[in-house]
Amino acid sequence: MSIIPSFFGNRRSSVFDPFSLDVWDPFKDFPLSSPSGLSNETSALVNTRVDWKETPEAHVFKADLPGIKKEEVKVEVEDDRVLQITGERKVEKEDKNDTWHRVERSSGKFTRRFRLPENAKMDQVKAAMENGVLTITVPKEEAKKPDVKSVQISG
């Protein structure tokens, strides 16, 4: 049984679960005004995990996006070497006859931005989605070898 009053409808179980990590957030539905309009996107933003590794040939980003179709994700490259991943996880439609026992999956819009280094080839970025994992590959320019000149020593 929940200690918190039933502000959340029938979404919580009526059975006490001592191992539950449900924590009541008093500000969850509090309308905060944000200049960027990201106030409603916080939970999905936090749950979008991205790995970034650098190989000798490329920068590789992997984002876990389970349950999201590739049509619902947008990958953009901005002029100032910024890679942006945006998308939206839709809320599941509720049926009045359903009784929810637990709601843990986040929904809403998400945005992740990464500033890429100087050696990134911004015009050759590739993205692929497989089994809920978005993989973005940004090739790197070859490292320029320093031009070494031999200087004659006089005297």
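Modeller: β6 and β7 form a hairpin with two residues between them. Asn131 sits in the turn, with a positive phi of about 55 degrees. This is a predicted model: local features need pLDDT of at least 70, side-chain atom pairs count only at pLDDT 80 or more, and totals for chains, interfaces and linings use all residues. Residues are numbered from 1 along each chain as its sequence is written, and side-chain values use heavy atoms, with hydrogens and water left out.

Biologist: What makes β6 and β7 strands, and how do you know that they pair?

Modeller: Strands are DSSP runs of E with at least two residues, helices are runs of H or I with at least four, and both are numbered from the N terminus. Two strands pair if DSSP finds at least two bridges between them. β6 and β7 have five bridges, in the antiparallel sense, so they meet the definition of a pair. Lys126 stands opposite Thr137 in β7.

Biologist: What is the order of the open sheet of three strands?

Modeller: Its order is β3-β4-β5, again with antiparallel pairing. The edges are β3 (73-78) and β5 (108-115), because each has a single partner strand. Eight bridges join β4 (residues 82-89) to β5.

Biologist: How many helices and strands does the protein have?

Modeller: It has one helix and seven strands. From the N terminus on, the elements run α-β-β-β-β-β-β-β.

Biologist: Why is Phe61 called buried?

Modeller: Buried means under 20% relative accessible area, exposed means over 50%, and partly exposed lies in between, using a 1.4 Å probe and protein chains only. Phe61 has 1% relative accessibility, so it counts as buried. Phe114 has a relative accessible area of 11%, so that residue is buried too. Of the 155 residues of the protein, 19% count as buried.

Biologist: What makes a set of residues a nonpolar core?

Modeller: The members are buried Ala, Val, Leu, Ile, Met, Phe, Trp, Tyr and Cys residues, joined through side-chain atoms within 4.5 Å. The largest such core here has 15 residues. Those with the most contacts inside it are Phe61, Leu65, Ile85, Leu134 and Ile136. β2 (58-64), β4, β5 and β7 (133-139) each give two or more residues. The largest share, three residues, comes from β7. In soluble globular proteins, nonpolar side chains tend to be buried together.

Biologist: How many aromatic pairs are there, and why is the pair of Phe61 and Phe114 called tilted?

Modeller: A search of the whole structure finds three aromatic pairs. Rings of Phe, Tyr and Trp (its six-membered ring) pair if their centres lie within 6.5 Å; planes under 30 degrees apart are stacked, over 60 edge-to-face, and the rest tilted. The centres of Phe61 and Phe114 are 5.1 Å apart and their planes are at 45 degrees, so the pair is tilted. Phe61 lies in β2 and Phe114 in β5, 53 residues apart. Ring pairs also bring in Trp52, giving a cluster of Trp52, Phe61 and Phe114.

Biologist: What does Phe114 touch, not counting residues up to four places away in sequence?

Modeller: Contact means heavy atoms within 4.5 Å. Phe114 touches Val50, Trp52, Phe61, Arg81, Val82, Leu83 and Ile85. Phe114 and Trp52 are 62 residues apart in sequence, yet 9.4 Å apart in space, C-alpha to C-alpha.
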